[in-house]
Amino acid sequence: MDTLSYKTISATPATIEKEWVVVDATDQVLGRLCAKVAKLLRGKYKTNYTPNMDCGDNVIIINADKCIMTGKKFTDRIYYSYTGYPGGQRECTPEVLMKKSENKHIKAGKHPLYLKVVKGMLPKTKLGARQLNNLYVYNSAEHPHAAQTPKVIDINKLK
């Protein structure tokens, strides 16, 4: 075989193999954890990564309430949002978003703080929105995805 005749392999919907992965957020720094989770959601750790295809894994984060933020970011960082109406600029801190996750009206698996952080690390396209739907975040160690037989990975071993 001639070494100059390699073909670039692109993933197709038939060749994509999505897995379920469990990540423990206990004593992890929020931003560093979410950066690695965003790479898992995009599929960048796979050999057949294709930027225009959803070839990433489904990620389940457990013990989300036990993550940490360095310095005083937990109380001093401000996230802004805008409703679209005059005077509709809202601001909240990670502390407020963490408390919102304990409310019963929030859909199970949709933690507002983690979704906001990971969303900023994904592409701002329809594909990025679809990849964000593959993220499930729970405050406790239990999750309802046992039927998918997820594998537990150590997030510290990923680069």
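Biologist: Which residue in β6 is the bridge partner of V21?

Modeller: Bear in mind that this is a predicted model, in which local features need pLDDT of at least 70, side-chain atom pairs count only at pLDDT 80 or more, and totals for chains, interfaces and linings use all residues. Residues are numbered from 1 along each chain as its sequence is written, and side-chain values use heavy atoms, with hydrogens and water left out. Strands here are DSSP runs of E with at least two residues, and helices are runs of H or I with at least four, both numbered from the N terminus; two strands pair if DSSP finds at least two bridges between them. Strand β1 runs parallel to β6 (residues 151-152), joined to it by 2 bridges, and the partner of V21 there is K151.

Biologist: Is β1 largely enclosed or left open by the rest of the structure?

Modeller: Buried means under 20% relative accessible area, exposed over 50%, and partly exposed in between, with a 1.4 Å probe and protein chains only. In strand β1 (residues 20-24), 4 of the 5 residues are buried, so the strand is largely enclosed.

Biologist: In what order do the strands of the open sheet lie?

Modeller: Strand β1 pairs with β2 (residues 58-62) in the parallel sense over 5 bridges, with W20 opposite N58. In turn, β2 and β5 pair in the parallel sense over 3 bridges, and I60 stands opposite Y136 in β5. The 4 strands therefore form an open, parallel sheet in the order β5-β2-β1-β6.

Biologist: Which strands stand at the edges?

Modeller: Each edge strand has a single partner, so one side of each is left without a neighbour in the sheet. The strands concerned are β5 (135-137) and β6.

Biologist: What angle does the direction of α1 make with that of β2?

Modeller: Helix α1 packs on the sheet and touches β1, β2 and β5, where contact means heavy atoms within 4.5 Å. Axes are lines fitted to C-alpha atoms, for helices over the stretch in contact, and angles run from 0 to 180 degrees between N-to-C directions. On that basis the angle is about 155°.

Biologist: How many disulfides does the count come to?

Modeller: A disulfide is a pair of cysteine sulfur atoms within 2.5 Å. The sulfur of C67 is 7.5 Å from the closest cysteine sulfur, in C34, and that of C55 is 20 Å from its closest, also in C34, so both are too far for a bond. The count comes to 0.
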